[in-house]
Amino acid sequence: MQSGFININKPAGLSSAAVVSKVKRAAKISCGHMGTLDPMAGGVLPVALGNAARLFSYLIDKEKVYRAEFRFGLSTDTLDSTGALLREGGRVPSEAEIRAALPALTGNIEQMPPAYSAKSVNGVRAYKLARQGVSVELKPKTVRVLTFELVQRTGEDRFEFLIRCGGGTYIRSLARDLAESLGTCAVMSALVREKSGYFTLENSIGLDELENWNAHLIPPDSVFDLPSLDYDGRDAEKMKNGLSLPFSGKDGQYKLYFDDEFYGIAEAKEGRVRAKTKVCG
């Protein structure tokens, strides 16, 4: 079975699950996406094929880049323009006020996830509970916002932002928190993810290119940075069978190759190294 990634430029208006279904039908291989994009959002949606999904835990902390539009003066239950209106007529701040407020939302900050989110609450997605009218109690979490820049004013009450952040950051929550710091309210009115680690808009493909999906399959070992180890012969066979080998290098994780072919992830610890995660072979 082939393993690798296809980087889809998800169109706005389509769910991430629907995109995965289209990839699965084209490739006829089990698939899963990395980092849900809301249906209203577009942009980079990496889809793992086959055993490449086993690498997601090595990719979740990668830097992400978003281009977002916030609309000030109203609020909704979903924190974006698709939700039920809760308030309108709020003040629209000036560009100068917005720029002055952005540094407080940069760095490691405490953020409350939206009630309509994919966060798990007792094994159930928060958005499913919210849709049922169930009160959802979520806890704030620390997220990392590297840069939060005002790009331009796009309308009477709309502004465009460029945001670089770590995984798990909710852009809708940034819209809410920025507005609250300015004594008003806001929703996210548009969102495009431009980058997620290795995956960018430049190396993405549209859904209309899936007919030739094999030509766009990204090798699994190319999407993350780790030092490499390569074994052959008896040593390779021992590691494939779950045995560890003596190791004089540093403790940590390594890309593991057998006879120059990528196998998966190896872990070195206390002078021994063993295969940890099998991807290929």
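Just after helix α4, Gly 183 takes a positive phi of about 75°; helices here are DSSP runs of H or I with at least four residues, strands are runs of E with at least two, and both are numbered from the N terminus. The model is a predicted one, in which local features need pLDDT of at least 70 and side-chain atom pairs count only at pLDDT 80 or more, while totals for chains, interfaces and linings use all residues. Residues are numbered from 1 along each chain as its sequence is written, and side-chain values use heavy atoms, with hydrogens and water left out.

Most residues other than glycine have a negative phi.

| Residue | Phi |
|---|---|
| Gly 183 | about 75° |
| Asp 259 | about 50° |
| Asp 260 | about 70° |

Asp 260 counts as exposed because its relative accessibility is 66%, where exposed means over 50% relative accessible area, buried under 20%, and partly exposed in between, with a 1.4 Å probe and protein chains only.

Helix α4 itself (residues 171-181) is largely enclosed by the rest of the structure, because 9 of its 11 residues are buried. The buried residues of α4 are Ile 171, Arg 172, Ser 173, Leu 174, Ala 175, Arg 176, Asp 177, Leu 178 and Ala 179. Their cover includes the helix α2 (95-101) together with β4 (64-72), β7 (107-111), β10 (141-153), β11 (158-165) and β12 (186-196), contact being defined as heavy atoms within 4.5 Å.

Leaving aside residues up to four places away in sequence, Thr 147 touches Thr 106, Leu 162, Ile 163 and Arg 164.

The count of cavities of 30 Å³ or more comes to 1, a cavity being a set of points, on a 1 Å grid over the protein atoms alone, where a 1.4 Å probe fits but cannot get out. About 40 Å³ of space lies in the largest cavity, the volume being the space filled by probe spheres set on grid points that are joined across faces, edges and corners. Its lining, made up of residues with an atom within 4 Å of a point, consists of Met 34, Leu 59, Lys 62, Lys 64, Ser 196, Gly 197, Tyr 198, Phe 199 and Val 223. These lining residues divide into 5 nonpolar, 2 polar and 2 charged, with Ala, Val, Leu, Ile, Met, Phe, Trp, Tyr, Cys and Pro counted as nonpolar, Asp, Glu, Lys and Arg as charged, and the others, Gly among them, as polar.

Terms used: 1 Å grid on protein atoms, 1.4 Å probe; cavity = no way out; pocket = protein on both sides within 12 Å on 5 of 7 lines; lining within 4 Å.
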